Amino acid sequence: MARRALKTTAATLTVTAALLLTACGGGGDDSSDIKGADKGASSPSASASGSASTDVDRPDVSLPKDLDVVFDFEKPSDQDSAAALDDAANYIRALNHGITKQDPGDPAFQFYSSGQAAQYAHSQIKEYVDGGWTLTGEDRYYQAETSPGDASDKVKTVSVTFCEDQSKVYGKEVKTEKVHRTKESLASFQKFTILMASVKGNPVWRAQQVTVEGKAEECRG
């Protein structure tokens, strides 16, 4: 059993695809600076990261203690890019929060996404719930890059890309708590591209569109 990117022969996975699970991953980092790692989330009131987190009521994205997330990102100097990267990480946290809470309607991912990105999160969480699976282990994200788009009067966009190493995160049966460990392979490495959009009058950036490239050789180095 695995998470989001899934072992598949297709080079690119999008939300419109029917995603089948084959590996696992996830995490719950609630630091104010996404560079580095946090292990689990001990506080039930833990909210999202980001410099503007105190300006809006953000949802809980804490995770079980047996699930760690690592965001090894260098924060961009550009303010918009930094905020978009922060909330792209929060989107990943929220997705995993929904999986561990076993709730396809979890408000956390809905807060940090809309459109295709929300559909993707919902489909991933539902696959886990329907299969009776959750996540355990350590998930790592790294090699982040940001590319600001053309801003309009209403919306700013930033394309965020990063790699994922899910070789140390595994599927766990909810009922029996049996962990299904898998060996590292090329399928353990994925590349995410997330289109983030600003919300007018709000410090939050929301994921709009997600593409996941499986078996990403460039992420394996």
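This is a short walk through one protein chain, from its overall layout to a few single residues.

Keep in mind that we are looking at a predicted model. So let me begin with confidence. The mean pLDDT of the protein is 80, and 75% of the residues reach at least 70. Helix α2 has the highest confidence, with a mean of 98. Strand β2, residues 35–38, has the lowest, with a mean of 30. Residues 5–54 are the stretch to watch: the pLDDT there is below 50. That stretch still has 163 contacts in the model beyond near neighbours in sequence. Where pLDDT is low, predicted coordinates should not be read in detail.

Now the layout. There are three helices and nine strands. Reading from the N terminus, the order is β-β-β-α-α-α-β-β-β-β-β-β. The protein has 221 residues, and 50% of them are buried. The exposed surface comes to about 9,900 Å², with 47% of it from carbon and sulfur atoms. What about contacts along the chain? Take those between residues at least 6 apart in sequence: 68% of them join residues at least 24 apart.

Next, the interior. In soluble globular proteins, nonpolar side chains tend to be buried together. Here the largest nonpolar core holds 41 residues. Which of its members touch the most others? Those are Y91, F162 and F192. Helix α1, residues 79–101, is the top contributor to this core, with nine residues. Other elements that supply at least two residues each include β3 (67–72), α2 (107–111), α3 and β4 (133–148). The list goes on with β5 (157–165), β8 (189–199) and β9 (202–213).

Let me stay on F162 for a moment. Leaving out residues up to four places away in sequence, F162 touches F73, A88 and I92, among others. Its partners also include Y141, Y142, Q143 and A144. Q190, K191, F192 and I194 are on the list too.

There is also a second, separate core, of five residues. Among its members are Y142, C163, F189 and C219.

Two of those names bring us to the disulfide. A disulfide is a covalent bond between the sulfur atoms of two cysteines. How many does the model have? The count is one. C163 and C219 form it, with their sulfur atoms 2.1 Å apart. The angle about the S-S bond is -70 degrees, a left-handed link. The pair joins distant parts of the chain, 56 residues apart. C163 is in strand β5, and C219 is in the segment after β9. Buried or exposed, these two cysteines? Both C163 and C219 are buried.

On to helix α3, residues 115–131. α3 has 17 residues. From first C-alpha to last, α3 reaches 24 Å, close to the 24 Å expected at 1.5 Å a residue. Its buried residues are Q116, A117, A118, Y120, A121, Q124, I125 and Y128. After α3 comes G132, with a positive phi near 75 degrees.

H122 belongs to this helix as well. Why is H122 called partly exposed? Because its relative accessibility is 34%, and that class runs between 20% and 50%. Beyond neighbours within four places in sequence, H122 is in contact with P104 and F109. Its C-alpha is 7.1 Å from that of G105, 17 residues away in sequence.

Now D103, in the loop between α1 and α2. D103 counts as partly exposed because its relative accessibility is 29%. Leaving out residues up to four places away, D103 touches G98, I125 and V129. I125 is one of the buried residues of α3.

Last, some backbone angles. Most residues other than glycine have a negative phi, and most peptide bonds are trans. Two residues here are worth a look. Q143, in strand β4, is not a glycine, yet its phi is positive, about 55 degrees. Q143 is partly exposed, at 44% relative accessibility, and is one of the contacts of F162. E177 is not a glycine either, and its phi is positive at about 65 degrees. E177 lies in the loop between β6 (169–173) and β7 (179–180). With a relative accessible area of 56%, E177 is exposed.

Definitions and conventions:
Residues numbered from 1 in each chain as written. Heavy atoms only, no water. Helix = DSSP H or I, 4+ residues; strand = E, 2+ residues; numbered from the N terminus. Buried < 20%, exposed > 50% of the residue type's maximum accessible area, 1.4 Å probe, protein only. Contact = heavy atoms within 4.5 Å. Areas by Shrake-Rupley, 256 points an atom, 1.4 Å probe, with all protein chains shown as cover. Core = buried A, V, L, I, M, F, W, Y, C linked by side-chain atoms within 4.5 Å. Expected span 1.5 Å × (residues − 1). Disulfide = S-S within 2.5 Å. pLDDT = per-residue confidence, 0-100.
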